[in-house]
Amino acid sequence: MTTHRAPVENWLPWGSPSQEALVVLPEDPSGDLDFVLAGGPSRTHQPVVWLEHAHRTHEVLVALSGLLTVRAGDDVWALPPQHGLWIPAGLPHAVRAGSDSRFLTVYLAPDRSRDLGPDPVTVAVTPLLSELVLYLTSQDMPDEARHHAEQVVIHLLEPVTPSTRITVPTVEPVARIVHELLDDPGDERTLAQWARHVGLSPSTLGRVFRSASGQPFGRWRLHLRMNVAMARLSEGARVSDVADAVGYTSTSAFVAVFRRETGLTPGAFRDAARSPHNTSREDGDGGSPGRMGDTTRLAPTPRAPDLGVDRIATSHDQIA
(Lines give C-alpha, C1' and ligand atoms only; values in the text may rest on other atoms or scores of the structure.)
Protein backbone atom coordinates (compact mmCIF):
# COMPACT_ATOMS: atom_id res chain seq x y z
CA MET A 1 0.00 0.00 0.00
CA THR A 2 1.37 3.39 -0.94
CA THR A 3 2.11 5.74 1.91
CA HIS A 4 1.24 9.08 0.29
CA ARG A 5 -2.47 8.35 -0.24
CA ALA A 6 -4.59 10.92 1.56
CA PRO A 7 -7.77 9.88 3.37
CA VAL A 8 -11.00 10.50 1.47
CA GLU A 9 -12.49 13.28 3.56
CA ASN A 10 -16.13 14.32 3.57
CA TRP A 11 -17.27 11.70 1.09
CA LEU A 12 -20.47 11.41 3.12
CA PRO A 13 -20.72 14.75 4.99
CA TRP A 14 -24.31 14.16 6.08
CA GLY A 15 -25.95 16.75 8.25
CA SER A 16 -22.92 18.89 9.04
CA PRO A 17 -22.41 22.34 7.48
CA SER A 18 -19.00 23.00 5.99
CA GLN A 19 -17.12 25.77 4.23
CA GLU A 20 -17.26 23.77 0.99
CA ALA A 21 -20.95 22.84 0.69
CA LEU A 22 -24.28 24.60 0.80
CA VAL A 23 -26.70 23.02 3.27
CA VAL A 24 -30.41 22.88 2.50
CA LEU A 25 -33.02 22.65 5.22
CA PRO A 26 -36.05 20.31 4.96
CA GLU A 27 -39.13 21.48 3.10
CA ASP A 28 -42.46 22.60 4.50
CA PRO A 29 -44.80 19.59 4.04
CA SER A 30 -48.02 21.62 4.06
CA GLY A 31 -50.29 22.11 1.05
CA ASP A 32 -52.40 20.02 -1.28
CA LEU A 33 -51.01 17.65 -3.90
CA ASP A 34 -52.99 18.61 -6.98
CA PHE A 35 -50.75 17.19 -9.70
CA VAL A 36 -49.42 13.96 -11.20
CA LEU A 37 -45.81 14.99 -11.87
CA ALA A 38 -43.79 17.99 -10.71
CA GLY A 39 -40.11 18.84 -10.88
CA GLY A 40 -37.47 19.78 -13.41
CA PRO A 41 -33.73 20.14 -14.08
CA SER A 42 -31.13 21.55 -11.69
CA ARG A 43 -27.43 22.23 -11.59
CA THR A 44 -24.92 23.03 -8.85
CA HIS A 45 -21.78 25.13 -8.92
CA GLN A 46 -20.45 23.79 -5.63
CA PRO A 47 -21.21 20.74 -3.50
CA VAL A 48 -24.69 20.88 -1.95
CA VAL A 49 -26.02 18.79 0.95
CA TRP A 50 -29.75 18.34 1.57
CA LEU A 51 -30.27 17.39 5.21
CA GLU A 52 -32.39 14.35 6.01
CA HIS A 53 -36.00 14.95 5.02
CA ALA A 54 -39.02 13.16 3.57
CA HIS A 55 -41.57 14.04 0.90
CA ARG A 56 -45.29 13.34 0.73
CA THR A 57 -44.64 12.37 -2.88
CA HIS A 58 -42.59 9.66 -4.53
CA GLU A 59 -39.37 11.15 -5.87
CA VAL A 60 -37.08 10.19 -8.74
CA LEU A 61 -33.58 11.66 -8.89
CA VAL A 62 -31.74 11.34 -12.20
CA ALA A 63 -28.06 12.28 -12.51
CA LEU A 64 -27.16 13.90 -15.84
CA SER A 65 -23.57 14.87 -15.06
CA GLY A 66 -21.47 14.92 -11.92
CA LEU A 67 -22.46 12.60 -9.09
CA LEU A 68 -25.45 12.39 -6.72
CA THR A 69 -25.16 10.49 -3.45
CA VAL A 70 -28.33 9.50 -1.58
CA ARG A 71 -28.53 8.08 1.93
CA ALA A 72 -31.60 6.38 3.40
CA GLY A 73 -31.08 4.72 6.76
CA ASP A 74 -27.92 2.62 6.58
CA ASP A 75 -27.96 2.46 2.77
CA VAL A 76 -26.12 4.73 0.36
CA TRP A 77 -26.51 5.01 -3.42
CA ALA A 78 -24.00 6.78 -5.65
CA LEU A 79 -25.75 7.81 -8.87
CA PRO A 80 -23.39 8.37 -11.79
CA PRO A 81 -24.62 10.04 -15.01
CA GLN A 82 -27.75 8.54 -16.58
CA HIS A 83 -28.67 6.61 -13.43
CA GLY A 84 -31.80 7.24 -11.39
CA LEU A 85 -33.15 6.43 -7.94
CA TRP A 86 -36.82 6.08 -7.04
CA ILE A 87 -37.47 7.16 -3.42
CA PRO A 88 -40.86 6.23 -1.94
CA ALA A 89 -43.07 8.83 -0.28
CA GLY A 90 -42.45 9.32 3.42
CA LEU A 91 -38.97 7.77 3.47
CA PRO A 92 -36.37 9.93 5.26
CA HIS A 93 -33.31 10.49 3.07
CA ALA A 94 -30.42 12.89 2.54
CA VAL A 95 -28.80 13.92 -0.74
CA ARG A 96 -25.39 15.23 -1.72
CA ALA A 97 -24.63 16.66 -5.16
CA GLY A 98 -21.05 17.21 -6.18
CA SER A 99 -19.72 20.40 -7.68
CA ASP A 100 -20.96 21.13 -11.21
CA SER A 101 -23.64 18.44 -11.10
CA ARG A 102 -26.70 18.45 -13.34
CA PHE A 103 -29.73 16.36 -12.50
CA LEU A 104 -33.46 15.94 -12.91
CA THR A 105 -35.92 15.74 -10.04
CA VAL A 106 -39.40 14.31 -10.53
CA TYR A 107 -42.12 14.19 -7.86
CA LEU A 108 -45.06 11.84 -8.34
CA ALA A 109 -48.36 12.02 -6.48
CA PRO A 110 -48.64 8.61 -4.73
CA ASP A 111 -52.32 8.08 -5.53
CA ARG A 112 -51.85 8.87 -9.24
CA SER A 113 -48.65 7.01 -10.14
CA ARG A 114 -46.89 3.68 -9.76
CA ASP A 115 -45.59 2.38 -6.45
CA LEU A 116 -42.28 0.54 -6.79
CA GLY A 117 -42.19 -0.64 -3.19
CA PRO A 118 -41.25 0.55 0.31
CA ASP A 119 -37.52 0.93 -0.38
CA PRO A 120 -35.50 3.04 -2.84
CA VAL A 121 -34.71 1.27 -6.10
CA THR A 122 -32.47 2.20 -9.00
CA VAL A 123 -34.37 2.79 -12.22
CA ALA A 124 -33.34 2.62 -15.84
CA VAL A 125 -32.83 6.06 -17.35
CA THR A 126 -33.27 6.27 -21.10
CA PRO A 127 -32.84 9.35 -23.30
CA LEU A 128 -36.62 9.22 -23.85
CA LEU A 129 -37.30 9.47 -20.10
CA SER A 130 -34.99 12.46 -19.71
CA GLU A 131 -36.44 14.21 -22.75
CA LEU A 132 -40.02 13.64 -21.59
CA VAL A 133 -39.28 15.23 -18.21
CA LEU A 134 -37.87 18.27 -19.99
CA TYR A 135 -40.81 18.25 -22.42
CA LEU A 136 -43.24 18.37 -19.50
CA THR A 137 -41.72 21.63 -18.23
CA SER A 138 -43.77 23.42 -20.88
CA GLN A 139 -46.44 25.53 -19.18
CA ASP A 140 -48.76 25.85 -22.20
CA MET A 141 -49.22 22.15 -23.01
CA PRO A 142 -52.81 20.93 -23.58
CA ASP A 143 -54.11 18.80 -20.71
CA GLU A 144 -54.58 15.73 -22.90
CA ALA A 145 -51.02 15.88 -24.23
CA ARG A 146 -49.69 16.35 -20.70
CA HIS A 147 -51.66 13.39 -19.44
CA HIS A 148 -50.29 11.12 -22.17
CA ALA A 149 -46.70 12.26 -21.57
CA GLU A 150 -47.05 11.76 -17.81
CA GLN A 151 -48.31 8.22 -18.31
CA VAL A 152 -45.33 7.41 -20.54
CA VAL A 153 -42.91 8.73 -17.91
CA ILE A 154 -44.59 6.62 -15.24
CA HIS A 155 -44.49 3.55 -17.51
CA LEU A 156 -40.76 4.07 -18.19
CA LEU A 157 -39.85 3.90 -14.51
CA GLU A 158 -38.60 0.32 -14.43
CA PRO A 159 -36.45 -1.04 -11.58
CA VAL A 160 -33.03 -2.40 -12.49
CA THR A 161 -30.59 -4.55 -10.54
CA PRO A 162 -28.85 -2.28 -8.00
CA SER A 163 -25.18 -1.75 -8.73
CA THR A 164 -24.23 1.32 -6.71
CA ARG A 165 -25.93 0.63 -3.36
CA ILE A 166 -23.83 0.00 -0.29
CA THR A 167 -24.91 -0.42 3.32
CA VAL A 168 -23.09 1.50 6.06
CA PRO A 169 -23.75 -0.67 9.13
CA THR A 170 -24.04 0.82 12.61
CA VAL A 171 -23.58 -2.49 14.47
CA GLU A 172 -20.27 -2.95 16.27
CA PRO A 173 -17.62 -4.05 15.57
CA VAL A 174 -18.55 -3.82 11.90
CA ALA A 175 -19.27 -0.10 12.20
CA ARG A 176 -15.71 0.52 13.43
CA ILE A 177 -14.26 -1.23 10.38
CA VAL A 178 -16.65 0.50 8.00
CA HIS A 179 -15.82 3.97 9.28
CA GLU A 180 -12.10 3.31 9.01
CA LEU A 181 -12.64 2.21 5.42
CA LEU A 182 -14.77 5.27 4.70
CA ASP A 183 -11.83 7.38 5.87
CA ASP A 184 -9.38 5.33 3.81
CA PRO A 185 -11.02 3.20 1.09
CA GLY A 186 -7.56 2.09 -0.02
CA ASP A 187 -6.83 0.31 3.25
CA GLU A 188 -5.56 -3.10 2.12
CA ARG A 189 -6.02 -5.06 5.34
CA THR A 190 -7.52 -8.49 4.75
CA LEU A 191 -10.53 -9.90 6.57
CA ALA A 192 -8.13 -11.87 8.80
CA GLN A 193 -6.21 -8.69 9.66
CA TRP A 194 -9.41 -6.83 10.44
CA ALA A 195 -10.53 -9.76 12.60
CA ARG A 196 -7.36 -9.45 14.69
CA HIS A 197 -7.94 -5.68 14.85
CA VAL A 198 -11.39 -6.10 16.43
CA GLY A 199 -10.65 -9.27 18.41
CA LEU A 200 -12.74 -11.80 16.46
CA SER A 201 -11.95 -14.89 14.44
CA PRO A 202 -12.02 -14.42 10.64
CA SER A 203 -14.99 -16.75 10.29
CA THR A 204 -16.99 -14.90 12.96
CA LEU A 205 -16.18 -11.49 11.51
CA GLY A 206 -17.06 -12.68 8.02
CA ARG A 207 -20.44 -13.91 9.22
CA VAL A 208 -21.16 -10.76 11.24
CA PHE A 209 -20.04 -8.45 8.44
CA ARG A 210 -22.26 -10.18 5.88
CA SER A 211 -25.24 -10.10 8.24
CA ALA A 212 -24.78 -6.39 8.94
CA SER A 213 -23.99 -5.22 5.40
CA GLY A 214 -25.75 -7.77 3.22
CA GLN A 215 -22.53 -8.57 1.37
CA PRO A 216 -19.27 -10.44 1.93
CA PHE A 217 -16.48 -8.18 3.14
CA GLY A 218 -14.55 -8.23 -0.14
CA ARG A 219 -17.58 -7.34 -2.25
CA TRP A 220 -18.66 -4.57 0.11
CA ARG A 221 -15.19 -3.00 0.04
CA LEU A 222 -15.12 -3.21 -3.76
CA HIS A 223 -18.46 -1.39 -3.99
CA LEU A 224 -17.17 1.28 -1.61
CA ARG A 225 -14.04 1.74 -3.69
CA MET A 226 -16.01 2.03 -6.91
CA ASN A 227 -18.40 4.58 -5.36
CA VAL A 228 -15.49 6.68 -4.10
CA ALA A 229 -13.76 6.34 -7.46
CA MET A 230 -16.88 7.59 -9.26
CA ALA A 231 -17.08 10.56 -6.89
CA ARG A 232 -13.42 11.46 -7.48
CA LEU A 233 -13.61 10.99 -11.24
CA SER A 234 -16.78 13.09 -11.49
CA GLU A 235 -14.76 15.93 -9.93
CA GLY A 236 -12.13 15.61 -12.66
CA ALA A 237 -9.39 13.76 -10.75
CA ARG A 238 -6.66 11.96 -12.68
CA VAL A 239 -7.19 8.24 -13.14
CA SER A 240 -3.82 7.38 -11.56
CA ASP A 241 -4.62 9.49 -8.49
CA VAL A 242 -8.02 7.84 -8.10
CA ALA A 243 -6.48 4.39 -8.46
CA ASP A 244 -4.04 5.22 -5.68
CA ALA A 245 -6.76 6.69 -3.43
CA VAL A 246 -8.84 3.50 -3.56
CA GLY A 247 -5.98 1.09 -3.01
CA TYR A 248 -4.67 0.06 -6.44
CA THR A 249 -0.90 0.22 -6.89
CA SER A 250 -1.41 -0.59 -10.58
CA THR A 251 -3.46 1.86 -12.62
CA SER A 252 -4.10 -0.81 -15.25
CA ALA A 253 -5.56 -3.13 -12.61
CA PHE A 254 -7.85 -0.35 -11.42
CA VAL A 255 -8.95 0.38 -14.99
CA ALA A 256 -9.79 -3.28 -15.55
CA VAL A 257 -11.84 -3.58 -12.35
CA PHE A 258 -13.64 -0.26 -12.89
CA ARG A 259 -14.59 -1.24 -16.42
CA ARG A 260 -15.82 -4.65 -15.25
CA GLU A 261 -18.01 -3.07 -12.57
CA THR A 262 -19.36 -0.05 -14.45
CA GLY A 263 -19.05 -0.92 -18.13
CA LEU A 264 -16.83 2.15 -18.76
CA THR A 265 -13.15 2.90 -18.40
CA PRO A 266 -12.39 5.47 -15.69
CA GLY A 267 -11.41 8.01 -18.34
CA ALA A 268 -14.65 7.53 -20.27
CA PHE A 269 -16.66 7.76 -17.04
CA ARG A 270 -14.89 11.00 -16.08
CA ASP A 271 -15.52 12.49 -19.52
CA ALA A 272 -19.21 11.53 -19.36
CA ALA A 273 -19.57 12.95 -15.85
CA ARG A 274 -17.89 16.22 -16.79
CA SER A 275 -19.48 16.76 -20.19
CA PRO A 276 -22.36 19.24 -20.52
CA HIS A 277 -25.82 17.80 -21.10
CA ASN A 278 -28.72 19.37 -22.90
CA THR A 279 -30.78 20.75 -20.03
CA SER A 280 -30.88 24.30 -21.33
CA ARG A 281 -34.65 24.46 -21.84
CA GLU A 282 -35.23 25.24 -18.16
CA ASP A 283 -31.94 24.89 -16.35
CA GLY A 284 -32.30 25.58 -12.64
CA ASP A 285 -29.27 27.27 -11.11
CA GLY A 286 -28.09 26.52 -7.61
CA GLY A 287 -31.34 24.81 -6.73
CA SER A 288 -32.12 21.54 -5.01
CA PRO A 289 -34.14 18.35 -5.30
CA GLY A 290 -36.91 20.35 -3.66
CA ARG A 291 -36.44 23.69 -5.43
CA MET A 292 -34.89 23.93 -8.87
CA GLY A 293 -33.61 27.52 -9.01
CA ASP A 294 -36.81 29.38 -9.77
CA THR A 295 -38.75 26.10 -9.41
CA THR A 296 -39.71 24.60 -12.74
CA ARG A 297 -43.07 22.88 -12.29
CA LEU A 298 -44.30 20.10 -14.51
CA ALA A 299 -47.85 20.51 -13.22
CA PRO A 300 -50.00 22.97 -15.19
CA THR A 301 -52.33 23.90 -12.34
CA PRO A 302 -51.52 27.02 -10.28
CA ARG A 303 -52.69 25.10 -7.20
CA ALA A 304 -49.67 22.82 -7.34
CA PRO A 305 -47.63 23.44 -4.18
CA ASP A 306 -44.22 24.99 -3.96
CA LEU A 307 -42.18 21.86 -3.30
CA GLY A 308 -39.24 23.93 -2.09
CA VAL A 309 -37.13 24.09 1.02
CA ASP A 310 -37.41 26.63 3.80
CA ARG A 311 -34.14 28.23 2.75
CA ILE A 312 -30.65 27.53 1.52
CA ALA A 313 -27.98 28.27 4.09
CA THR A 314 -24.20 28.36 4.06
CA SER A 315 -22.02 27.29 6.96
CA HIS A 316 -22.04 30.88 8.22
CA ASP A 317 -25.79 30.83 8.83
CA GLN A 318 -27.57 29.46 11.85
CA ILE A 319 -28.67 25.93 10.97
CA ALA A 320 -31.74 24.87 12.94
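**Exercise 1. Two neighbouring helices**

At roughly what angle do the axes of helix α4 and helix α5 cross, and within what distance do they come? Work this out on the model above, which is a predicted one, and then describe the residues of the contact.

*Solution.* 

- Step 1. Locate the elements. Helix α4 covers residues 191-198 and helix α5 covers residues 202-213.
- Step 2. Read off the geometry. The two axes come within 8 Å and cross at roughly 95°.
- Step 3. Classify the angle. Values of 65 to 115 degrees count as roughly perpendicular, and α4 and α5 are therefore roughly perpendicular to each other.
- Step 4. List the residues that meet. From α4 come Leu191, Ala192, Trp194, Ala195 and Val198, and from α5 come Pro202, Leu205 and Gly206.
- Step 5. Sort them by class. The contact of α4 with α5 holds 7 nonpolar residues, 1 polar residue and no charged ones.

**Exercise 2. Another helix pair**

Find the angle and the axis distance for α6 and α8, then sort the residues of their contact by class.

*Solution.* 

- Step 1. Helix α8 spans residues 251-262, and α6 packs with α8 at an angle of about 100°, the axes lying 11 Å apart.
- Step 2. That angle makes α6 and α8 roughly perpendicular.
- Step 3. On the α6 side, the contact is made by Arg219, Leu222, His223, Met226, Ala229, Met230 and Leu233; on the α8 side, by Phe254, Val257, Phe258, Arg260 and Glu261.
- Step 4. By class, the contact of α6 with α8 has 8 nonpolar, 1 polar and 3 charged residues.
- Step 5. Glu261 and Arg260 form a salt bridge, with their closest N and O atoms 3.1 Å apart. Arg260 is exposed at a relative accessible area of 56%, while Glu261 is partly exposed at 23%.

**Exercise 3. A buried arginine**

Which side chain of opposite charge is nearest to Arg225, and how far away is it?

*Solution.* 

- Step 1. The nearest side chain of opposite charge is that of Glu188, 5.6 Å away.
- Step 2. Apply the cut-off. A salt bridge needs nitrogen and oxygen within 4 Å; Arg225 has no salt bridge, although Arg225 is buried.
- Step 3. Describe the surroundings. Leaving aside residues up to four places away in sequence, Arg225 touches Pro185, Gly186, Asp187, Glu188, Val246, Gly247 and Tyr248.
- Step 4. Follow one of these neighbours. Asp187 is buried at a relative accessible area of 7%, and the Asp187 side chain forms a salt bridge with Arg189 (2.8 Å, N to O). Arg189 is partly exposed, at 24% relative accessibility.
- Step 5. Widen the view: a network of salt bridges links Glu180, Asp187 and Arg189.

**Exercise 4. A strand residue and its neighbours**

Is Ala124 buried, partly exposed or exposed? Describe its surroundings as well.

*Solution.* 

- Step 1. Ala124 lies in strand β10, residues 121-124.
- Step 2. Its relative accessibility is 28%, so Ala124 counts as partly exposed.
- Step 3. Beyond residues up to four places away in sequence, Ala124 touches Leu129, Leu156, Glu158 and Val160.

**Exercise 5. A peptide bond and the whole chain**

Where is Pro173 found, and how many helices and strands are there in the chain?

*Solution.* 

- Step 1. Pro173 sits in the loop between β11 and α3 (174-183).
- Step 2. A cis peptide bond joins Glu172 to Pro173, with omega about 0°.
- Step 3. The chain has 9 helices and 12 strands, and 50% of its 320 residues count as buried.

Key
Residues numbered from 1 in each chain as written. Predicted model: local features only at pLDDT ≥ 70, side-chain atom pairs only at ≥ 80, totals over all residues. Heavy atoms only, no water. Buried < 20%, exposed > 50% of the residue type's maximum accessible area, 1.4 Å probe, protein only. Lys, Arg positive; Asp, Glu negative; His and termini not counted. Contact = heavy atoms within 4.5 Å. Axes fitted to C-alpha atoms, helices over the stretch in contact; angles between N-to-C directions. Helix = DSSP H or I, 4+ residues; strand = E, 2+ residues; numbered from the N terminus. Parallel < 35°, antiparallel > 145°, perpendicular 65-115°, else oblique. Nonpolar A, V, L, I, M, F, W, Y, C, P; charged D, E, K, R; others polar.
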